[in-house]
Amino acid sequence: MSDHSSESDEGKPSETTNFTRTAENQAEETKGLRNLRRTKSVTLAEHITQAEKRARQSQPDRPIHVPRDSLFSWSSGFEHYEGFVNWGILILLIGGLRLFLENVIKYGVKINPLSWLLWLKDQQENDYYYHTPLFLALAHVHVFISFYIEKQLAKDRIRPPLQYYLLVGHLIIIILIPMIVLGIWPHQFSLLGRTAVCVVYTVLFLKLWSYAHVNHWCRLARSSSLSRRRSFTFSKAKQNGQEVNHEEESRTSPGVSLVQYPDNMTLPDLYYFLAAPTLCYELNFPRSQRIRKRFLLRRMLEVVVISNIIHAMFQQWMIPSVKNSFQAFSDLDFIRCTERLLKLAIPNHIVWLSWFYLLFHSFLNTMAELLYFADRDFYQDWWNASDVGTFWRLWNLPVHKWALRHVFIPISKHRYSRSVASMAVFLISAALHEYVVSVPLHMYKVGVFLGMMVQVPLVYISSFAHKTFGKRVGNMMVWTSLILGQPLGIMVYYHDYVVKNFDPNMLGL
């Protein structure tokens with residue numbers, strides 16, 4: 001009896017087991033109902049919305065309202081503001097026209113097309129007619145010295161470290177000679193002559209740096225190629241499917257006629273590079289097939305017309321505004337200085353934009369067309385730059401490419417950080433900007449240098465603004481620095497130049 005009951009108990013589930021299974025089933029059913037309820041709730045909400053929409057549309061009141069954001073809200077997704085761009089252009093034109101008419105009423109018509117010739121004649125007399133041309137002609141001596149040094153290095157007649165001392169020493173001499181000569185004989189050169197000398201010698205310094213650097217790379221490549229050829233026999237290299245001399249292959253390849261080092265060591269090659277609209281030397285520049293006569297005539301006409309427009313704006317607009325700022329800066333009147341700054345900002349900015357187009361589009365394209373130089377990448381869309389760093393990388397590509405190729409990348413390859421390489425680029429750029437301004441004016445106040453170095457924190461600030469508030473805010477910071485920074489520097493340097501070089505009674509202007 002007991003055995004039978006025990007067997008029957010074993011064959012039937014216990015009450016505890018049934019209770020456990022029942023609880024699990026109820027939990028699963030509850031979970032399924034909860035999931036089903038969640039699914040139905042979304043579907044139900046969408047169904048209610050669509051049903052409400054259909055019901056509203058079927059009403060006789062003809063509804064027109066739907067859920068939507070205002071266009072000026074970020075959530076609206078609206079991006080078409082072309083009309084505001086046109087409005088801004090018209091406002092600028094109207095404001096500029098009003099300022100121009102005010103200027104004419106106050107100062108009269110000061111534009112004189114013949115003043116170019118009169119001013120050049122005056123500058124030649126102050127220059128004793130030949131000092132500046134003679135100084136510029138002597139720059140060819142540095143070209144010959146650089147060519148001779150590279151020729152000797154190509155023949156392995158100068159060994160390191162003497163070759164480095166010669167190359168670096170020669171570049172230092174190039175940049176120091178104008179400072180020494182113009183400092184010893186400050187009154188033997190006109191302001192125009194001093195400016196031309198400093199600009200030409202700065203460009204020569206940058207180009208010969210690139211010339212020496214590229215030839216150095218070629219010598220390193222040649223020496224490594226020679227060492228590889230000595231380490232492998234011809235038969236072994238051929239068994240491995242390797243070519244012994246890639247340079248010979250490039251010389252004999254059909255349709256390829258590339259100049260190889262040291263065949264580039266000719267004076268015509270060096271002078272072509274010096275005349276080409278680039279600061280970066282190459283053994284084989286991309287060349288165009290022909291001169292486009294219409295394109296060339298348009299660019300040359302632009303050079304003539306825009307040069308006269310800039311001169312007219314200087315005469316009529318900028319010079320009176322700068323002179324009127326003199327007393328405000330002398331009295332350190334902050335309110336009047338700010339008013340003068342804002343008044344000068346518009347004409348200065350228009351002149352700067354005209355100068356940019358004249359130099360980087362009209363003039364450099366004219367030189368490139370005449371020299372069959374095919375790389376016309378002189379600028380990119382800097383006007384869309386979202387931060388100051390992007391602006392400096394896009395607006396002056398000849399200088400940017402030189403700095404990237406000959407300063408930033410070499411420093412980075414020596415395991416320095418990008419910040420150190422970028423700081424070196426800004427230091428060199430700031431020093432050369434100060435050189436071009438201070439040496440002709442004989443004013444060593446490092447104002448331009450500090451103005452350039454201020455760009456370093458502006459790069460980080462504008463980049464932070466771009467990432468935090470969007471591209472539009474960063475772009476506005478770029479434009480603000482361009483519009484307000486330049487006229488401030490012009491007024492400060494004009495005040496200091498007048499005080500240093502003219503009668504103190506001019507303070508009453």
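**View 1. The largest cavity and its lining.** A search of the whole structure finds 2 cavities of 30 Å³ or more, and the largest cavity has a volume of about 40 Å³. Its lining is made up of S146, I149, L167, H170, L171, L208 and A212. Helix 6 (139-154), helix 7 (162-184) and helix 8 (191-231) are the elements that give two or more residues to this lining, and the largest share, 3 residues, comes from helix 7. By residue type, the lining of the largest cavity divides into 5 nonpolar and 2 polar residues, with no charged ones.

**View 2. The second largest cavity and its lining.** The second largest cavity holds about 30 Å³ of space, and L99, E102, N103, K106, Y107 and K343 line it. Helix 3 (residues 82-107) gives the most to this lining, with 5 residues. The lining of the second largest cavity has 2 nonpolar, 1 polar and 3 charged residues, whereas that of the largest cavity has no charged residues.

View 3. Most residues other than glycine have a negative phi, and most peptide bonds are trans. The peptide bond from P160 to P161 is cis, with omega near 5 degrees, and P161 is found in the loop between helix 6 and helix 7. Another cis peptide bond joins Y261 and P262, with omega about 5 degrees; P262 has its place in the loop between helix 10 (246-252) and helix 11 (267-275). R415, although it is not a glycine, has a positive phi of about 70 degrees, and R415 lies in the loop between helix 16 (397-413) and helix 17 (418-441).

**View 4. Stretches to be read with care.** The chain averages a pLDDT of 80, and 82% of the residues score at least 70. Over residues 1-21, however, the pLDDT is below 50, and this stretch has 1 contact in the model beyond near neighbours in sequence. Where pLDDT is low, the predicted coordinates should not be read in detail.

Technical notes
Residues are numbered from 1 along each chain as its sequence is written. This is a predicted model: local features need pLDDT of at least 70, side-chain atom pairs count only at pLDDT 80 or more; totals for chains, interfaces and linings use all residues. Side-chain values use heavy atoms; hydrogens and water are left out. pLDDT is the predictor's confidence in each residue, from 0 to 100. Contact means heavy atoms within 4.5 Å. On a 1 Å grid over the protein atoms alone, a cavity is a set of points where a 1.4 Å probe fits but cannot get out, and a pocket is an open set with protein on both sides within 12 Å along at least five of seven lines; lining residues have an atom within 4 Å of a point. Grid points are joined across faces, edges and corners, and a volume is the space filled by probe spheres set on the points. Helices (H or I, at least four residues) and strands (E, at least two) are DSSP runs, numbered from the N terminus. Ala, Val, Leu, Ile, Met, Phe, Trp, Tyr, Cys and Pro count as nonpolar, Asp, Glu, Lys and Arg as charged, and the others, Gly among them, as polar.
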